[in-house]
Amino acid sequence: MGWDVWWVWMAGAIVLAILEVLAPGYVFLGFAVGAAVIGVLLLWGGGVAAWLGGSLSMMVLMFAIFSLLAWLVMRKVVGVRKGQTRIWDRDINED
């Protein structure tokens with residue numbers, strides 16, 4: 001259909017990155033990174049593109065794996081550190 005074209009995945013990555021800006025919380029950023037990785041792999045071509053471009057199910061599986069890895073890395077880098085606790089000074093409903 002068009003899922004084997006690199007710019008489709010890059011456009012999806014841009015849309016997901018824009019969604020992350022509108023709804024912050026590192027939810028869509030992992031998916032954006034996963035889509036960008038698939039787009040770059042398809043752009044480079046060669047054996048990787050033939051391997052990924054063969055079927056939509058393989059591309060979606062690799063997208064899910066890369067997205068999960070990106071999310072885990074971001075959680076490790078940006079998340080709450082070990083031993084750190086969040087302290088709430090006030091309730092947001094107390095205005």
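Helices (DSSP runs of H or I, at least four residues) and strands (DSSP runs of E, at least two) are numbered here from the N terminus. The structure is a predicted model, in which local features need pLDDT of at least 70 and side-chain atom pairs count only at pLDDT 80 or more, whereas totals for chains, interfaces and linings use all residues. Residues are numbered from 1 along each chain as its sequence is written, and side-chain values use heavy atoms, with hydrogens and water left out.

The protein holds 4 helices and 0 strands, and along the sequence these elements follow the pattern α-α-α-α. Of its 95 residues, 22% count as buried, where buried means under 20% relative accessible area, exposed means over 50%, and partly exposed lies in between (1.4 Å probe, protein chains only). With contact taken as heavy atoms within 4.5 Å, residues 24 or more positions apart account for 56% of the contacts that have a separation of 6 or more.

In soluble globular proteins, nonpolar side chains tend to be buried together. The largest nonpolar core in this model consists of 8 residues, namely Trp9, Ala13, Ala35, Ile38, Leu42, Met59, Met62 and Phe63, a core being a set of buried Ala, Val, Leu, Ile, Met, Phe, Trp, Tyr and Cys residues joined through side-chain atoms within 4.5 Å. Two or more residues of this core come from each of α1 (6-22), α2 (29-44) and α4 (56-78).

The structure also holds 2 aromatic pairs, a pair being two rings of Phe, Tyr or Trp (its six-membered ring) with centres within 6.5 Å, and planes under 30 degrees apart counting as stacked, over 60 as edge-to-face and the rest as tilted. The rings of Trp9 and Phe63 have centres 5.7 Å apart and planes at 50 degrees, so this pair is tilted. The pair links distant parts of the chain, with Trp9 in helix α1 and Phe63 in helix α4, 54 residues apart. Both Trp9 and Phe63 are buried, and together with Phe31 they form one aromatic cluster.

Helix α4 also contains Ser67, which counts as buried because its relative accessibility is 4%. When residues up to four places away in sequence are not counted, Ser67 touches Gly30, Phe31 and Gly34. Arg75 has its place in helix α4 as well but is exposed, with a relative accessible area of 55%. The C-alpha atoms of Arg75 and Gly30, which are 45 residues apart along the chain, are separated by 9.8 Å. In helix α1, Glu20 is buried at a relative accessible area of 9%, and its contacts, again leaving out residues up to four places away in sequence, are with Gly25, Tyr26, Val27, Phe28 and Leu29.

On the surface, Leu61, Ile65, Leu68, Leu69, Trp71 and Leu72 form a nonpolar patch with about 550 Å² of accessible area together. Patches are made of residues with over 30% relative accessible area and no salt bridge, like charges being joined within 9 Å and nonpolar side chains (Val, Leu, Ile, Met, Phe, Trp, Tyr) within 5 Å; a salt bridge is a side-chain nitrogen of Lys or Arg within 4 Å of a carboxyl oxygen of Asp or Glu. Leu69, which lies in helix α4, counts as partly exposed because its relative accessibility is 48%.

Note on methods:
Areas by Shrake-Rupley, 256 points an atom, 1.4 Å probe, with all protein chains shown as cover.
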